[in-house]
2 protein chains.
Amino acid sequence: MTTIQDIADKLGISKGTVSKALNGASDISETLQKQILETAVELGYTKLRRQKGCAKKLCVLVENQNIEYEEPHHFAYDIIMGFRQKAEPAGFDVDIVPMDEKTQRSSSYDVFMLQNNYLGAFVLGFSYTDPWMQDFQISHTPVVLYDNYIQVNPTTAYVGIDNNEGMELAVSHLKQLGHRKIGYLSSALGSHVMQVRHKAFFSAMRQYGLKTDSTYAGSSYYITQCMEKHLPRLLDMGVTAIICSHDLIANAAMIQCQQLGYSVPKDISIIGFDDLPICPYTSPPLTTVQQERTELGKCGYYALDSLINNVSIGTILLHTRLIVRGSTAKTASAAEECS
Amino acid sequence: MTTIQDIADKLGISKGTVSKALNGASDISETLQKQILETAVELGYTKLRRQKGCAKKLCVLVENQNIEYEEPHHFAYDIIMGFRQKAEPAGFDVDIVPMDEKTQRSSSYDVFMLQNNYLGAFVLGFSYTDPWMQDFQISHTPVVLYDNYIQVNPTTAYVGIDNNEGMELAVSHLKQLGHRKIGYLSSALGSHVMQVRHKAFFSAMRQYGLKTDSTYAGSSYYITQCMEKHLPRLLDMGVTAIICSHDLIANAAMIQCQQLGYSVPKDISIIGFDDLPICPYTSPPLTTVQQERTELGKCGYYALDSLINNVSIGTILLHTRLIVRGSTAKTASAAEECS
């Protein structure tokens, strides 16, 4: 266990100065404080120094370029609510901290956490390009990532839905409705969750004995590009249903199909992922695989609490549900058989 | 929410009789009690009726044909200890219940749980052939399964290690030591965890760019059969390392290699899975992928507690560690390069 003395020895300064820096005293230069904090982290000193009566603090770090959270209809609002519902009764103060690349570049994750007295973080909306994604490979302060996975580091955990289960529910539903040729439209595969869902699509199709190959899937960075490039191609191939990597693509696909003269769900069935608040109000209302966001937040707390207590959970996946609405129906031939 | 009145109405008997049966009163025939309990379960009445001051009860169900737990050196001892370390301070009484097929056939899982006043179960050592594995597809009482996975049912969760991570650690370690031709020996693929590890082996080999195909793997129900049938075949193919699905196979493989005139690790490296208490004492001591059993038990409680609180966790995977001992070494050519 690293002590304040170890840090002082390493830097050749007094224990008092180290202690001041760790406690954020104002009579120490910013440069010296940063140097002391970085040395503390380097030596493995990541323990919060808790004064008596001081609250235990956690933070939710939100990359707000990628994810919205401030209003009740925003995607991450309920996730944060669920996290707080578990963390606050357990005696934690929870700070919600918007996080941009600049802040990430100015200090390392461990230093940031030590400096702000946070015991652990729940991280929302980070992509592979966020600088701290590299830090998490070797960081020491517990961190739980929503929809991102860091292998091996025992102080990191991944929380999300069971995308394989969700994809199987979607494919099974379509197969029961008579669909055999099913396509898949996706955002760019530059994030963990998009890669997992892409793989899950092919795996579910194989499991249900439905023919597929890479031509049945299309992914683009921009939704409009996906609609122009991949959707018409899938329709030409004769698919009768399309599963989409998330609800916004599914909604765009429904609109685009209708513009091309196809009726949804009569000619073509569409399924989304996430169950965004918009889904009951699209035209037709969207069948989708639900992420229970409040539960995801609660799982975030479960995982973080366990990491803080040295139980190194790596992954928590929530069960999914298929919410059947109006965008899926029997194929023409299956409907005929019934009539 | 189902009430006692609903059960009474369905059976055409009085509320008092139902109440008596649910509370295990002795002046009701066993046949009638069973009928009332089964109807209660059928109607979704799985809530524990708690008298004031009554303890909350959980159980650990152990299929003791498959798993030993009574002595500190037994595999499941620490798992149960970890579970109790979390459950008991949280106010739960924990019963350890040996479970055989006969008991499972005599009543359904839900009825058993209701009858014994258990809020939830942590299940160890069940295989696909255990009758209740079917029950868990549709049961209502929270159940957490160690190393078994039930899809879709929101009151079931799976707890285990991240076998993909573990397998990648094993393959990466061997690759760093210069190994390119790596074989895999496994128990029969009739259990969830054996299927997952088998798949993980091929996936890890691909990820590290190492050539492999189905001939590089062999699985048998009996260890002796695996040693006679598959081990010599792998050696003839020229593998320089073998990963085994668990430590007992790894130990048998080391002994068999030595009997066939191969030196471990000079001629052939061997890696196991689980880190059983025997591993430091095999000859040579076995390099293996660790399951932290106390932590697994704690995760079992985390998952069960969340299911009881309607957070439907489906999967919790623990981070793994590779414990490097004496059964792995550089290949002859890699060793030469260094000298």
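Hi everyone, let's start with one residue, A:I243. Setting aside neighbours within four places in sequence, A:I243 is in contact with A:M167, A:A170, A:V171, A:L174, A:I182, A:G183, A:Y184, A:L185, A:F201, A:I271 and A:F273. Please keep in mind that this is a predicted model.

Where does that residue belong? The largest nonpolar core counts 144 residues, and A:I243 and B:I243 are the ones with the most contacts inside it.

Now to the strands. Residues 241-244 of chain A make up strand β8, which runs parallel to β9 of chain A, residues 269-274, with 3 bridges joining the two. Across from A:I242 you'll find A:I270 in β9(A). Helix α12 of chain A, residues 247-259, packs on the sheet and touches β6, β8, β9 and β10 of chain A, and its direction makes about 160° with that of β9(A).

Another helix to look for is α8 of chain A, residues 163-176. Helix α8 lies across β6, β8, β9, β10 and β12 of chain A, at about 165° to β9(A).

Zooming out, the chain A sheet is open and has 6 strands, ordered β7-β6-β8-β9-β10-β12, with mixed pairing. At the edges stand β7 (217-220) and β12 (321-323) of chain A; each has a single partner strand, so one side of each has no neighbour in the sheet. From one strand to the next, the twist averages 20°.

Last, the cysteines. How many disulfides are there over all chains? The count is 0. Take A:C257: the closest cysteine sulfur, in A:C244, is 8.5 Å from its own sulfur, too far for a bond. A:C257 is also buried, at 0% relative accessible area.

Note on methods. Residues are numbered from 1 along each chain as its sequence is written. Chains are lettered from A and ligands numbered from 1 in the order in which they are written. This is a predicted model: local features need pLDDT of at least 70, side-chain atom pairs count only at pLDDT 80 or more; totals for chains, interfaces and linings use all residues. Side-chain values use heavy atoms; hydrogens and water are left out. A disulfide is a pair of cysteine sulfur atoms within 2.5 Å. Buried means under 20% relative accessible area, exposed over 50%, partly exposed in between (1.4 Å probe, protein chains only). A nonpolar core is a set of buried Ala, Val, Leu, Ile, Met, Phe, Trp, Tyr and Cys residues joined through side-chain atoms within 4.5 Å. Contact means heavy atoms within 4.5 Å. Two strands pair if DSSP finds at least two bridges between them. Helices (H or I, at least four residues) and strands (E, at least two) are DSSP runs, numbered from the N terminus. Axes are lines fitted to C-alpha atoms, for helices over the stretch in contact, and angles run from 0 to 180 degrees between N-to-C directions.
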